[in-house]
Amino acid sequence: MTDAAETRTTCPYCGVGCGVLVKPSDGGQHAEVRGDPDHPANYGRLCSKGSSLGETLTLDERLLYPEIDGRRASWDEALDLVATRFQDTIERHGPDSVAIYASGQMLTEDYYVANKLMKGFIGSGNMDTNSRLCMASSVAGHKRAFGSDTVPGCYEDIELADLIILVGSNFAWCHPVLHQRLLAAKEKRGARLVVIDPRATATTAAADLHLAIAPGADVALFNALFAHLASSPAADGAFVDGCTEGFEAALIATSLPPIADTARATGIPADQLTTFFDWVVETPRTITIYSQGVNQSTSGTDKVNAIINCHLVTGRIGKPGMGPFSITGQPNAMGGREVGGLANQLAAHMDFAPEDRDRVSRFWAAPNVAPGPGLKAVDMFDAVADGRIKALWIIATNPAVSMPNADHVRRAIRDCPFVVVQDVTATGDTVSLADVRLPALAWGEKSGTVTNSERQISRQRSFLNPPGECRADWDIISDVARRMGYDGFDFSSPGEVFAEHAALSAFENNGARDFDIGAHAAITPLEYDELQPFQWPAPASVEPPSSPSRMFADGRFFTASGRARFIATSARRPANETTAAFPLRLNTARVRDHWHTLTRTGKTPRLAEHIAEPYLEIHPDDATRYEIAPAAIVRVVSAYGEALLRAQIADRVAPGNLSAPMHWTERFSSAGRIDAVVNPDNDPVSGQPELKHTPVRLEPFRAGAYAFVLTRKEPRTSRLADGDYWALARAPGGWRLEVASAYPPAVLLDCLAPSCEHSIEYIDGASGLRRRAVVSDAGLQSLALISRGPVSADRAWASRLFASDLDNDTLRRTALAGRPPSGESPGPLVCSCKGVGANQIERAIQCGAGDLAAIGKVTGAGVTCGSCKPEIARILNGVVRTMARAAE
C-alpha cells in the first residue's frame with residue numbers, strides 16, 4: 001500500500017531500476033524513502049544508496065541560474081548565445097564541428113530530444129554518451145550475434161537458474177538488490193554460483209567456485225568452454241542447425257585447447273577449469289551475468305560474443321533460467337540506447353543504413369539527417385583537443401573525471417572555443433570549464449521514463465518544485481533547437497516527447513525491429529502520469545504479457561537471415577602491456593556506497609562513512625617490493641598521468657595487479673582522479689575504453705606529517721602545500737579531512753587548526769604527535785590529530801562527535817585521544833543502511849548471535865539491502881575462530 005502523500009518513482013542510481021516511494025519533508029530538503037513493494041525490479045528492496053536518497057536533496061552546491069563566463073545571466077541571454085554560437089560554428093566549419101556528449105543519467109525524453117536535434121536537424125552523428133564507457137561492448141556484441149541490441153532475458157531468470165555465472169561484476173556492491181535476489185534463490189533452490197573475477201570481492205565470498213582469472217583472459221576461457229560444449233552432450237544440434245549460422249567458422253577459429261593450455265592462458269588451475277566446464281555441461285538452466293569487467297576492454301566485444309557463443313551452441317537462450325545477461329551500470333543507459341544516444345546509432349534501434357535514414361527523415365520531417373555515425377567518446381574528445389570540434393555541449397556528466405586519460409580530456413574541454421555544460425551541480429570538475437552553464441532539474445524535480453537492464457520502462461516522477469530557475473533537460477534542448485530555427489521541437493511536456501518516441505519505434509516496423517513500444521504512441525497526459533512499469537517490446541497489435549518477457553524464445557533473431565550468428569573471437573591480450581617502466585596492472589572499480597563522481601552520494605555523511613577517501617589495493621608482495629607501508633599514501637603513475645591514493649594492502653588482488661575506485665574528483669581530493677592515470681585504448685568495434693588494464697608503477701609519497709581533521713565548517717585545503725595529499729568528506733554535522741603533507745607536524749597543525757582561546761592540545765615533540773581540539777560553549781568545533789605516520793584514531797566514533805550528545809567535559813577528556821572509552825565505539829561502519837559498526841557486530845556474536853540472521857535481528861545489520869552481508873560473514877568467521885582458540 002502507498003501513503004497518499006507518497007510519490008511512486010524510480011531510483012536514479014544503477015541499471016537495476018528499483019521502484020521507490022518518496023514522501024518529502026523539511027520543505028523538500030529531505031524525504032522519507034522506501035522501496036516500492038509492487039515494483040517488479042526490487043519488490044520493496046533498496047540498497048544503501050537508494051535508501052539514503054532522501055538525504056541528498058539539499059540545494060547545497062546546486063547550479064540554480066544560467067551563467068555566462070561565471071556571471072549570472074537570463075535564460076534568454078544564455079540560450080540565444082548557445083544557439084548563435086552553434087549556428088555560427090556549423091555555418092563556418094560544417095555540422096561535424098559541433099558535438100553533444102550526454103549521459104545515462106538523462107531521462108529517455110531528454111535523450112530523445114538531444115538526439116533528434118543533433119542527428120536529425122544539425123545533421124551530424126556527433127552525439128555520444130558516457131554509456132560508451134559502460135555497455136557499448138554489449139551493444140556491439142548483441143548486434144553482431146542477434147542483429148539487434150537485445151537483452152534476451154529478465155531478472156526472474158536469476159531466480160530460476162540452477163547455475164549462475166557472474167563475469168566481471170562485483171554484483172554485491174554494484175547491483176546489491178539483484179545480488180540479494182540471487183542469494184535468496186541460491187538458498188532456496190540450491191543454485192550454484194561461479195564468480196569469474198581477478199579480484200577477491202564481496203561477491204566472491206558467496207561463490208561456490210571463484211575463478212581468479214588473469215586480467216584480459218576472458219575470451220580464452222569462454223572460447224575453451226565453447227569448444228568443450230560443442231563436443232559435449234550439452235550441444236543442441238537442432239538449435240544450431242535451425243536457428244544459427246557461422247558455427248563451423250567460429251569453432252575452427254577456436255579449436256579445442258587442452259585444459260593445461262587454457263590454465264596457462266587464464267591463470268586458473270586446471271582442476272577448477274574442469275569443475276567449471278562439467279557444471280556448465282550438466283546444467284541446462286545456466287545464466288551468464290556480465291558487466292564492466294567484460295565490457296571495459298580493448299577486446300570487450302569479443303568477450304561478449306565469446307559468452308554468447310556458449311549459449312548459442314547449447315540453445316540456452318530465450319528460456320526460463322538461462323541466457324547471456326548484460327547488467328548495465330546506469331539508470332538509463334538502456335533508454336539512451338533505445339533513442340539512439342550512441343554515436344553509431346540513429347534512433348529507435350535503427351542505424352545509418354539508407355532505408356533507416358530515409359525512414360527517420362520522413363518521420364521527423366528532417367531533410368538533413370546525419371549521413372553516418374559520429375565520433376565515439378574517446379575520439380570525440382581527441383577531436384575537441386585537436387580543434388576539429390569547436391563547440392561542445394555536455395549534459396549531465398563529468399568527463400573531466402570519468403573519461404580515460406582524464407587530464408587530456410580536461411585540457412581539451414578547457415581549450416575548446418565554446419563549451420556548454422548543462423547540469424545540476426555548480427561544483428563539478430567539468431562545470432568549472434564551461435563558457436555557459438545551464439541549470440537542469442535533478443531527481444525528484446524532473447519527470448520522465450527510464451529503462452532498466454531487463455527492458456523494463458518505468459516512470460520517474462517529480463515530487464519537488466523546481467528550485468531557482470532550473471528547467472528540464474528536454475525543455476532546454478527544445479528551446480535551443482527552436483532558436484536555431486528548427487521545427488519539430490514544440491513539446492510542452494515529457495509525455496508528448498514519450499509519445500513521439502513510442503510512435504517512431506513503431507513506424508514501419510511490423511516486427512522487423514526489436515524495439516517497439518507502439519502501444520503507447522497515443523498515450524494521453526493522464527495515462528502517462530499513471531504509466532505502470534512495462535517491458536518492451538510492446539507493439540500496438542499485441543496484448544502485454546502477464547509475466548516477464550524473454551526474447552528469442554521462438555528461435556527467430558533480427559539478422560537478415562533470421563538466424564543468430566556465431567562470431568569467431570580472438571583471445572588476444574590487452575594491447576597496452578606492462579613494461580620495465582610500468583610493471584604493474586591497474587584495474588578500476590566502484591565502491592559499495594558511492595556513485596560515479598560523488599555529485600549525489602558525496603552530499604550525505606552516511607555514504608562517506610564506509611569508505612571516505614580514494615585508495616589503492618596492493619598485494620602484500622608488491623607493497624614489500626615497493627616499500628609501501630599500510631595506510632601510507634602512494635603515488636600511482638602511468639604514461640598518461642598520476643594519482644595519490646591511500647594504500648590498502650591485502651591479498652584481494654593478485655601480485656602484479658592493483659585496483660582503485662573511480663569516484664573521487666578535485667572537489668573531494670587533491671589527486672584522487674584515477675582516470676587521469678588510465679590509458680585511452682579502446683575496443684576497435686565498440687569504442688569502449690580499456691578501464692581495467694593500464695600499466696603503471698608505484699612511488700612512495702614522502703610525507704612530513706599525516707593528519708585527520710574534523711571541522712564544523714568546510715576546511716580550507718588551499719592552505720596546504722602544493723602536491724600534498726588530501727581527501728575531504730562530509731561528516732554528521734560537519735566535515736572530515738585526511739591529509740598527508742610535506743609540512744612537518746608543528747606547521748601542519750597550525751595550518752589546519754590554528755590555536756584559539758577555546759583550544760586544548762597535546763603535544764609530544766619527540767614523536768611528532770600533536771593534537772588540538774576546539775571546544776566552545778556550543779560544543780566541539782574542530783579536532784586535529786597529527787602524527788609523522790598515518791594517524792591512528794577511531795574514525796567511526798570521532799566522525800560522529802559533532803552529532804553526539806556528549807557534554808563538554810567529556811569531550812575535552814576524550815577528543816584528543818581520538819577514541820572513546822573502552823567499549824563505547826561502534827567500530828568501522830559495516831552497514832550503511834542501519835549505521836551499524838564492526839564492534840557492534842562483534843559484540844552481538846560474542847553474546848550468542850551465531851549466524852547472519854541472528855546478527856541482523858540483534859543489530860539490524862544486513863537486513864535491508866544485504867550488500868554488507870559478506871563483510872558481516874567475514875567478521876562472524878573471525879570472531880568464531882578467536883572464540884574457538886580461546887576455548888582450547
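Leaving aside its neighbours within four places in sequence, with which residues is K186 in contact?

Modeller: This is a predicted model, in which local features need pLDDT of at least 70 and side-chain atom pairs count only at pLDDT 80 or more, whereas totals for chains, interfaces and linings use all residues. Residues are numbered from 1 along each chain as its sequence is written, and side-chain values use heavy atoms, with hydrogens and water left out.

K186 belongs to helix α7, residues 176-189; helices (H or I, at least four residues) and strands (E, at least two) are DSSP runs numbered from the N terminus. Beyond its neighbours within four places in sequence, K186 is in contact (heavy atoms within 4.5 Å) with A191, L193, A206 and D208. With D208, the side chain of K186 also forms a polar contact of 3.3 Å. Such a contact is a pair of N or O atoms within 3.5 Å; within protein, one must be able to donate a hydrogen and the other to accept it, and residues adjacent in sequence count only if both atoms are side-chain atoms. K186 is buried, its relative accessible area being 19%. Buried means under 20% relative accessible area, exposed over 50%, and partly exposed in between, with a 1.4 Å probe and protein chains only. Between the C-alpha atoms of K186 and R843, 657 residues apart along the chain, the separation is 29 Å.

Burial also marks strand β15, residues 418-423: six of its six residues are buried, so the strand is largely enclosed by the rest of the structure. F418, V420 and Q422 point one way from β15, while V419, V421 and D423 point the other way. Strands pair if DSSP finds at least two bridges between them. Strand β14 (residues 391-395) pairs with β15 in the parallel sense over five bridges, and V420 of β15 is the bridge partner of W393. Strand β16 (residues 436-439) also pairs with β15 in the parallel sense, over four bridges; there, D423 has P439 as its bridge partner.

S255, in the loop between α10 (247-254) and α11 (259-266), has a positive phi near 60° although it is not glycine. S255 is partly exposed, at 42% relative accessible area. A365, in the loop between α16 (354-364) and α17 (377-386), likewise has a positive phi, near 55°, and is exposed at 59%. Finally, W536 and P537 are joined by a cis peptide bond with omega of about 10°, and P537 lies in the loop between β19 (534-535) and β20 (564-565).
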